[in-house]
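Have a look at it first, then read on.

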Amino acid sequence: MFDVKFVFLWTDAVLWLLVLGLVGYVVYVHRTEELARKWRKVLNNKTAVAAAAVLSVFFAAALADSVHYRRALPATDGAAVAAWDTKTVSLLDALVGEKIAGRERSYSAPFSLYDFDKTTVVTDDGPKRINAKLKGAGAGVNEDKPLQSLFRKIEMGVMTGAVGVLMTWLLIGAVAACVRREGFGRAMIAVNPWRPAILVWLLAIFLGCVLMFVWPVWHPFGTDATGNDVLYSAVKSIRTAFAIGLLATFSTLPFAVTLGIAAGYFKGKVDDVIQYVYTTISSIPSVLLIAASVLMIQVFIDKHPEMYATGLERADVRLFLLAVIIGLTSWAGLARLLRAETMKVSAMDFVTAAKAFGVSSTRIMARHVFPNVAHIVLIVAVLDFSGIVLYEAVLSYVGVGVDPVTDSFGSMINAAASEMSRSPVIWWNLAASFVFMVTLVLSANLFASGVRDAFDPRNAGGRA
């Protein structure tokens with residue numbers, strides 16, 4: 001009998017379905033020469049390849065945080081059915097979270113051994129205000145020489161990371177030699193378009209090895225108001241960013257593609273109705289529309305607590321529906337672009353010939369129009385992902401974003417708003433969220449730029 005009970009969340013399903021979709025798309029690209037040619041141009045863009053590697057590292061962390069389960073509680077005498085813990089943990093929690101220095105009382109500065117705020121303790125001389133020692137950090141650290149202990153941990157991590165990088169590099173060289181069917185030495189020095197990505201992955205392995213030694217003993221980005229490790233909160237926020245960005249983008253595409261192509265192809269009254277719809281949606285402030293929808297959803301969730309076994313499932317439903325709402329209110333821009341491009345494509349000779357042969361409008365739009373506007377869909381979808389990640393931060397900052405128990409960049413920034421106004425300043429919460437969010441969004445934008453250059457037929461890089 002398993003001692004764990006897997007918990008299936010809606011956002012977990014979205015991320016794992018994306019993995020299956022990517023595998024299927026890779027197979028399709030491999031079988032389609034035109035698409036393979038365009039993606040080879042993306043691989044020739046070193047910046048885009050490096051950005052894609054950074055995204056893959058972030059996505060791997062999100063996937064590790066998307067396997068959830070509940071542990072079995074110790075069975076009591078005569079119990080026939082095992083009881084399950086009310087706390088739901090993820091694979092990332094088991095691999096990393098439980099090894100990090102334990103929960104602290106409150107704030108602590110990066111690499112500190114003491115609380116940031118003073119607390120009152122009773123001594124023989126009476127009550128005193130002191131910076132108490134952290135409960136979880138500093139195990140085995142010489143308090144008289146903390147820097148020496150830190151440097152020793154970093155040194156051990158660097159040595160382990162160097163060994164890990166070397167072994168991974170040799171493994172990649174061996175695989176390349178087998179795939180190319182050439183000598184190992186030649187494969188190691190051959191020009192490889194994946195080299196920028198390999199360097200990023202090796203750097204991630206190196207930093208992971210260093211953190212493996214430093215993180216269990218120190219808080220690299222300190223702790224927040226509730227004593228949680230800020231760096232770990234930032235890592236867990238990656239999953240929220242991917243869930244909202246991907247799900248909102250997928251929710252946008254059906255409406256934008258269907259209505260945009262239909263408006264540009266049929267014109268006339270159909271075009272007038274669709275234009276009226278997306279013009280009306282565009283005229284409503286999106287923040288107000290999303291806020292009203294989220295508040296209605298929250299009322300429904302509060303009135304039906306029996307539908308959710310754990311607090312995590314309750315928070316995940318709000319995250320899932322928030323992403324869907326963002327997608328349903330953000331399709332107007334892409335629909336407008338597709339309408340204009342479809343008008344251009346529908347006037348071309350091959351579409352006119354298809355109409356003359358009696359081909360149905362649905363088949364013409366699916367087989368002739370859509371493939372010629374697909375590059376716009378791909379480019380806008382990748383660009384919108386980064387915009388939606390930033391949008392979540394804004395929504396959480398104004399209080400209509402994710403559930404408070406869900407880690408997100410917006411929640412961290414919202415907490416940092418009051419921390420930056422106090423004296424002394426608590427800056428590390430904002431710094432961690434800023435570094436991770438900027439890295440994620442910048443990588444998505446650089447990758448989108450490479451995709452645009454390769455797929456847009458108006459660019460020289462996109463022409464056959």
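Contact here means heavy atoms within 4.5 Å. Keep that cut-off in mind, and remember that this is a predicted model.

Let's begin with the largest nonpolar core, which has 54 residues. Which of its members touch the most other members? They are Phe242, Phe436, Leu440 and Phe447.

Now zoom in on Leu440. If you skip its neighbours within four places in sequence, Leu440 is in contact with Leu55, Phe58, Ala241, Phe242, Val389 and Phe409. Phe242 turns up again here, having already been named among the residues that touch the most other core members.

Next stop, helix 12 (residues 332–346). Its 15 residues should span 21 Å at 1.5 Å a residue, and the end C-alpha atoms are 21 Å apart, so the two agree. Where do the buried residues of helix 12 pack? Against helix 8, helix 9 (268–283), helix 13 (349–356) and helix 14. The buried set includes Leu334, Leu338 and Val345, but also Arg339 and Glu341.

Finally, a bit of sheet. Strand 4 (residues 119–123) and strand 5 (residues 126–130) pair in the antiparallel sense over five bridges. A hairpin of two residues links strand 4 to strand 5, and Thr123 stands opposite Gly126 in strand 5.

Notes: Residues numbered from 1 in each chain as written. Predicted model: local features only at pLDDT ≥ 70, side-chain atom pairs only at ≥ 80, totals over all residues. Heavy atoms only, no water. Core = buried A, V, L, I, M, F, W, Y, C linked by side-chain atoms within 4.5 Å. Buried < 20%, exposed > 50% of the residue type's maximum accessible area, 1.4 Å probe, protein only. Pairing = 2+ DSSP bridges. Helix = DSSP H or I, 4+ residues; strand = E, 2+ residues; numbered from the N terminus. Expected span 1.5 Å × (residues − 1).
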